[in-house]
Structures are given as C-alpha cells and as structure tokens.
Amino acid sequence: MTDRRAASIELSRVTKQYGSVTAVRDVSFTIAAGSLVTLLGPSGCGKTTTLRLIAGLETVTSGRIRLGGDDVTALGATERNVSMVFQSYALFPHMSVLDNVAYGPRVGGQSHRRATESARAALAGVGLAELADRLPSELSGGQQQRVAIARALVLEPRVLLFDEPLSNLDARLRRQMREEIRALQQRLGITVVYVTHDQEEALGVSDRIIVMNHAVVAQEGPPRDLYESPDDVFVAGFMGEANRVKGVLQRLDDRTGRVTIGGLTRTLPHRGLADGAVDVAIRPEAILIVGQPTDGALRGTVKRAAYLGSRMEYSIASEIGELFVTSPAVDTPLAPGATVALTLTGHGITLIRP
Amino acid sequence: MRDALRRWAVGWGLVGCAALALLPWYATSDGAGPGKLQLLVPGLTLLAALALRNLPSRLGRSVLGLRLMVLGGGGFIYIAAQGWALGGQPGMGLGAAVVATSLLMLFAIGLAARGFFKGDVFVAGAVVAVTVLVGLFTFYPVARILLGAVQGSDGSVSGGALAERLLAAKIWRIDCLTGGRSCGVGWNTLVLALLTATTTTALGLAFALVVTRTGFKAKRLLRVLTILPIITPPFVIGLGLILIFGRSGLVNQLMEWAFAVEPSRWIYGLPGVWLAQTFSFTPVAFLVLIGVVEGVSPSLEEASQTLRADRWQTFRRVSLPLMRPGLANAFLVGFIESIADFGNPIVLGGNFGVLSTEVFFSIVGAQLDQGRAAALGVLLLALALVAFFVQRRVVGGKNYTAISGKGDGGRPAPLPPFVRRLAFGVALPWAVLTLSIYGLALAGGFVETWGRDYTPTLRHYVKAFSVEWSQTGIIWSGSAWRSFWTTLELASVAAPLTAALGILTAYLLVRQRFVGRAAFEFATMLSFAIPGTVIGVSYILAFNVPPIELTGTGTILVVCFVFRNMPVGLRAGVAAMSQIDPSLDEASRTLGGRSLATLRRVILPLLRPAVVAALVYSFVRAMTTVSAVIFLVSADYDMATTYIIHRVLNGDYGVAIAYSSVLIVLMLAAIGLIQLLVGERRLRRAAPALTPLPAGPTA
C-alpha cells in the first residue's frame, strides 16, 4: 500500500456544497508531484475546504480528485495515503509525544516495537528525539508543530497537507518554521499543499500559488507572476498593497501596448484588453519619489507620513488620485504638506481586469 | 476496503445462521413453539446473504450494497411482521433476537456499501442499531399507549372512548372552587406544577446568587445540596415531612402539648406535596441557575457601571434580563419534574390525586382499567411534551449567556444590598430546613415508633437487614435483602449498558453527519420528556404479550433503566465531546484510524470523565427510581424503592426509613468507588489541554 513516490494531485471540476452554501465551485487544478503549492485566500474563500477535500475529510458534491493518477474521489481519509498537519496541530492530549507519532503505524497494524522504532526515527528527523516521553501540553508551540509534522511524515505519505500551520506561532518563530517546512519538503521530495491567508508566507514558501476567492480559483501561477502581474483587482489587492489608478491603453502589437497614466507613459503587456480606458495596479514600491518636479513626472502633496523602521509609508495626493507609496529613504523623511514629484519604476505596474 | 465489507457481511451472516440453528427461537422453557415453518424465510435470507460473498467483484459495491439491503431489511421486516401478525406464538427468544440483529447489520453493511455514512460500516451499524433500539423501546411503547387510549373496553378503536376518558369529570371537575370536595386530577397536576416551578425557580435563584455573587464562606456546603436529589430515593423528603408535620409529627405534638391544638392533617394534600416537591427540586433549579448566573459576563456589568449605573440599576437592567432565558428554563424544568413526580404525591397526596398517581391507581388498584390508565398517560405525556418543546424553544432561542465563549476577565458586580439580603434571607433558612429534613428522616430509623416512643433502637435495621450464620453459610434473613440484591444486580447490569448506549449515541450525534441526523437527534431527545409513569404503563401495554413478552422478567427492568437513563449519558457525552477539537478525530483518520479505532483510542480516553459521570448517574438512578419500575416489578424481581413505597403505604415507617438510609449510604459509596476505579488514571496525568474549535470547515 505504501508508495514512496510523491504523487501529483489533480482536481477536475470539483464542487462542494453544504446545503445551499457552495464552499467550492467548479475548481480545477493540477499540482505536480514533488512541488509545494499554496492555497491562498481570505477566510471563507474555500481554501480549507479544498484542502479537506484532498485529504478525504469531506466528500465532493461533484467532480473528481486524482492522486498520482488514481481516482480517489470515493475513498475516505483513511484510505488515501495522505497526511495532514492541522492548524491546531491536533496532537492527542492523552498520549505522549512518542505515542502520538506511533499512532499511525499502530492503527495501521504494525507491531508495537516496529511502530515505536519508526516513531523514534521520525522524531529524530525533526530534532525532538529527547522529548519523546513528554505530553504535548508540556511542549512549546514550535515543538508541538514539529511533533505534528513528524506524526504526519512517519507514514511516508505521498502527499502532505498543511492547514494554516504557522497561525498559532509568534512572528519570529513563523519565519523559522516556514523555512524548515520548505527545507524538509525539498529534502524528501514530497508533494505539499499548504493553506494560508498570509500572502508573504505564500510568496516565501511556494513553487506555485493558487489564489482562491468566493469559492473559485482567482489566479494560479508562480509567486512572481502573481505579485507582479495580478489578473484582477482582487488578486492585486490580496497579493500585497496596490494602488488602482485609471489609464489609457493604446495597443502596439499582439503583446504590448502603450499606457498613459497622468503625464507618464509606459509600455506594458496589454493582456488582451481593448484600447481605451483601463485599470492599472501599481505597487507602492513601484512609485519613486524624486526631488524636483521634472518633465513627465507626476506632481503630488504628502498628506500623511509614517515611519516603520525599515521604510517610510506616505499617502500622497496626486493628479491621478491618492497614492500609497513606500520609500526606503528613512533618513530623509518628508513632512506632510511637502510637494513632491513622482515617477514609476519598470516593475510592479500591470493592467488589471476590472 | 471492499473485502473488509464482505468480511463483515459474511461474519454477520454466520452469526445469524448459528443463532438460527443453536439458540431457542421462542422464549419458552424448551425454546419450542408452533410455526417452525416461519423460520425458513430468515434462514434462506441469511444463506442468500452469505452467497453474496461470491458475487463477482466487477459488479462492485453498489450492487452488493443493494442486495444486502434488500435481504437484510426484508428479512427483518418479515420477522417483525410475522411476529405481530400471526397469533398463537409464544414470545420471541434469544434466537429470534440474534437473527433479527444480524439481519439488521446486513442491512447496515448494505447501506455503507452504497456510500451512506461515508462508507463506514461501524457508523452505519451503530446508527441502525440505535435507531431500532430507541424505536422499539421508546416509540413503540408510546405508540401502544396511544392505541390503548383510543381502544374501548371491547378492544374496538373509537375516538369516542378517548374523548370520554379524557373529558371525564374526575379529571376536569372544579368542585373545589365552589366548596366541593376536590378538583379533578388534571387541574391538580397543573396547579401543583405551576406552584412548584415558581417556588423552585425563586429559591434556586436565591441559592445561585448566594453561591456565585457573594463572599459567602460555606459555598461548598451549598453545592452539596445539589447532589442530594441525585442520591436520594424520591420519597425520602416526603417521609421527612411526615415525621415533622404529619399527624404524629414533631410540630403537631408540640402544638398539642403546648396549646392543646387538635393535630392537623394539612400535610396530606396539595400543601404537603407542594412543599415536598419544592424541597426535592430546588436543588435542580439551583444547578440550572448556577450556570446561568455564572454565564452573565462580568464585563457587561462592568460596562454598565462605567456608564454610571448603580448596583441596583445594573442588576435590574443588565444582569436580570440576561438571566431571563435561564430563569424560564429553570421554571420549565421545575414544571416537568413536578408533573413527572410520583414519589412525593403517592406518599403525601392523600385525597389529592395527580395524573401520575392516578395512572398508577387505575392500573394496580381496584379499577384495573388499562384504557383509562392509557388515556391519563397520554394526557400526562401531552403536558410533558408541550413543556418540553417550550423549553427547547426557550433554550435554543435566545441564549445570551453562551455568546461570549471567551472568558474576558473582570469580576462580577456585587449584588445590590436589598437583593443580597433577600437572597441570604431565603436561601440560608431553606438550606438549614432541607438538611434538617434529611437529618430527621435518617434519625427516624433509630427510634421505636416515631410520635409515640422515642426510645433509641436498631430494631428496624435488624428487621430489614439481619444476617444469620448457620452451618451451610450466611442466611440473609432480613426482609429487605431480597429486593436489595435484585436492585444491586439489575442496576449493575444496566449502568454499563446505559453509559455505552448514551456515549455511542452522543458520538453519532456530535461527530457524524448523515442523512436523517436531525430526526435521529430529535427522537433521542424526545425520550427525555416522557414521564416515568407513562413509560411504566406503556411498557406494560407493549411488552405483556407476544411477540415481545418481557413483563415479569428482570430484562424489562434493565431495558427500562437503560432507555430511561440513556439521555443522561447522552447529555454528558454530547457536552464532553463538543469540548474535544474535531481535528483530533480527523488527525486520527488521516493517519489511518478507522472510526472504531478513533473512538476507542482517541475519543473514549478523552471522554473518561463523561463516561464516569454516565456510569455513576445511571447506576444511581437505577437504584433510586420509582415511577416507571413500580409498574414493572414482579414477585421475582422486587426493587428496593418499590419495597420501601409499599412499607410506607402500610404505615411501616421504621423499616422504610432504615432502608432509605442504607440506600443513600450505598449510593455515596458507589459514587466514590466508581470514581476511584475509572478516574484513577486521569489523576496521574496532567489535565489534557483541549482546544475547543467550532465544528466544520472554517476557511
């Protein structure tokens, strides 16, 4: 039954309804074997339900799910050879750390001795061998997280699922755990599906990101694509701060077009949009504050300024609307009321569908 | 998986065949009966089910499932139908029961094979089993009592018979208003229930306020009060009241001695029963209202005070309105307890009859009118159900206190001085009175004859519990031993069954989602509401005749205990299971644990306190209940409580009191012992840190 190879995951036209509420609507995607893919979206978007459907904890209302090419739609969680790390870790509070990790092999019918051996090996793998006899309540949050991962890995699953694994950790530990999870995934070469609502976490850990909103997939792609060329307003806003401004498009060829924003002109991929008025998303760091008004620069007035240690955040009233701008120049802050000139960098500007 | 399914099917098929061949089909002494031919059908059904093993696997689960469902379901319906349709058969025996069970399980496996219950055989089997059991032992008897109520004395069904019985003058006359002797039992029941509900709610609130909102030192002692009604047989209060206020009670004797006042009999009737019920059920209201008062978030009261409201305004405009649904709930609980109460009215009622006692007298008294008993039972049931539904609405509707689950700090506001004095002034004397009634009731067992001769004696204990040694061994020569051992035996059999059924049902309700779950929940909850007297009568009507003939056996008492007390285990299980993070189950499932393994290794160990509570409670309730069992006891199976009731009705108070005291002590010992045995392991380990999470998907 145990198959050591990582498995691909394929959802085709999957829908899940609870009564009249549709939690997941007609979702299709493929996750390549051995990759780490993030399901990203706001709460209530259907990402956790999608994860639970892959795990077999929920049954689809319609559609099919394949793991490694096998149709597992009708199988329950017990039969799918998929492991999951829960948001609350779900460590059995009445069992020791070792018993928790040995649980899977035990209920799978292995002898007590063999189950304990593989559990000890798995615990050593996450660096917790010496805590085997503790109870989960005697561990710190990060240690509990590692136990949960060891418990999931001991069965050598073909797919490992993470449901918001870092949400119960404090900020510093979060980055460390994120890197550990990524390192572990690459060392073992398993397929990992990772649910989070934190775009920075998603950007930092994933091979690909699937953004979900209102029960459907909003956009799918590598992290850089999603950040730099979001398809629509929602993705642009969810993948980080974005200024949404009006522009005018004039197509140049079958790929690019000239976009005029205020007095500025840039050549951008036209993404199939028609000539005329378009929406443009501009990342806050894509707007540069230049000292003196020059030709082709936007003029603006600083409304509010905030010092955030590593950068300054400004709200600037300009002729194309109020803009949110970040600047690394913390040593030369601008005061509210100052007049500034603005120009645009080459990256972080994209046309979006309304 | 497919093979596991087939293994289950073959297993149950073999069990059924073995039972058919080896166990007596009928419950007669030799197991034989007419109509061996009828057994051919279940036999063939089982063989056909076994043959399904050879069904080619390409036909798949769905076909296998459908065939199993048809065979199992059909076979079961056949057994039931021929049992009820063909007269002249003796009652069904062990063989029939096992064969019917295996057919039902085949049906459940079929359901699972067709994808119901997520294909889980264990869950499918458990749901089918619980449904059939609750149907057979709760709803079938209730249906029989409804039928009994509309059947005329000649057995014909007519609405006229019901109308005539329900509108009888004896139930609804209002003579007492116009100076006549007494009112109908219907009015009596209603008036008594309203009075009792009012006083228990008021007293319960006073107690709850004293315990939770004042710096009262002896809170522990007041909490003890809440345990008393659980461990006392329901007529002990009545006995205590007779010893104080009865014709030869302390008060009357004092009045006669001091003022030469003629001894009065006022305690026998409405005032006495009301007083006894108030004593008996105030602790119940107290228990309900502690939770309500504690549930009022202190931060709301603090907010009120920062908005310049004084203590009285805060109490009047914030705290009290927040408690209102809880107060309504306590009132309805008191109402339901009162109409279902049998022990107090039968001891103290005298000429003041209520529905529960009237049901009893029409079936065991000189009248022996089953139709009338059934009609009165239906009336009682209707009253209880109405109160039950209103209560469910109240509790389900606006439960303010449950909104803020997070304990936001802050200290509860102190009570306004007036409310504080009132609460103390009411609660403390009442607590003293309650304890002294218990004290007197127990002391009554150690004197010659209460009211005439107060010489200390152990005579009553010797009479009830004497033991002699002879060459052949111990002779239990006391008059109470027989019923004592019977009670102990039946309660010990019933307690684990009750706990198991209750916890299993709780697991299905909290942790499984399946078609018909709402109806399933409704049915199990409904059996809460049925008064014991109604259950007693309906069991007589339902199980006195074949095909299920149980009256006069110990089995019917055990069955009665299990289904009467199962809701308690259910409630404990539901409450505890809702506290366990559902992702623990899910973690177990993704790790390869099937539902049975998950239940056994993860959920049950975490439910240990609830299991203990269910065990203790069902054991104790089996020992102390009167209302239902008084209909079901027989010469061979007499119970402690019914034995005591009969002693009381004969005026033999000494033995009754001695026996009651022994029961109370025994109950305390039982609670302690079970705690020790089952709770031991939990003490060694740190309390589990459970994270309550809302059920269902979150993102």
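α4(A) lies across β6 and β7 of chain A and runs at about 175° to β6(A). Such angles lie between N-to-C directions, from 0 to 180 degrees, with axes fitted to C-alpha atoms, for helices over the stretch in contact. Contact means heavy atoms within 4.5 Å. Helices (H or I, at least four residues) and strands (E, at least two) are DSSP runs, numbered from the N terminus.

This is a predicted model: local features need pLDDT of at least 70, side-chain atom pairs need 80 or more, and totals for chains, interfaces and linings use all residues. Residues are numbered from 1 along each chain, chains are lettered from A, and side-chain values use heavy atoms, without hydrogens and water.

**Sheet**

The open sheet of chain A has six strands, ordered β6-β7-β8-β3-β9-β10, with mixed pairing. Strands pair if DSSP finds at least two bridges between them. β6 and β10 of chain A are at the edges with a single partner strand each, so one side of each has no neighbour in the sheet. β6(A) pairs with β7(A) in the parallel sense over four bridges. There, A:Val85 has A:Phe162 of β7(A) as its bridge partner.

**Interface**

In chain A, 35 residues are in contact with 31 residues of chain B. Among the elements of chain A that each supply at least two residues to this side are these:

| Element of chain A | Residues |
|---|---|
| α1 | 47–55 |
| β6 | 82–85 |
| α2 | 97–107 |
| α4 | 141–153 |

Two salt bridges cross the interface of chain A and chain B. B:Arg594 forms a salt bridge with A:Glu79, with the closest N and O atoms 3.0 Å apart. The rule takes a side-chain nitrogen of Lys or Arg within 4 Å of a carboxyl oxygen of Asp or Glu.
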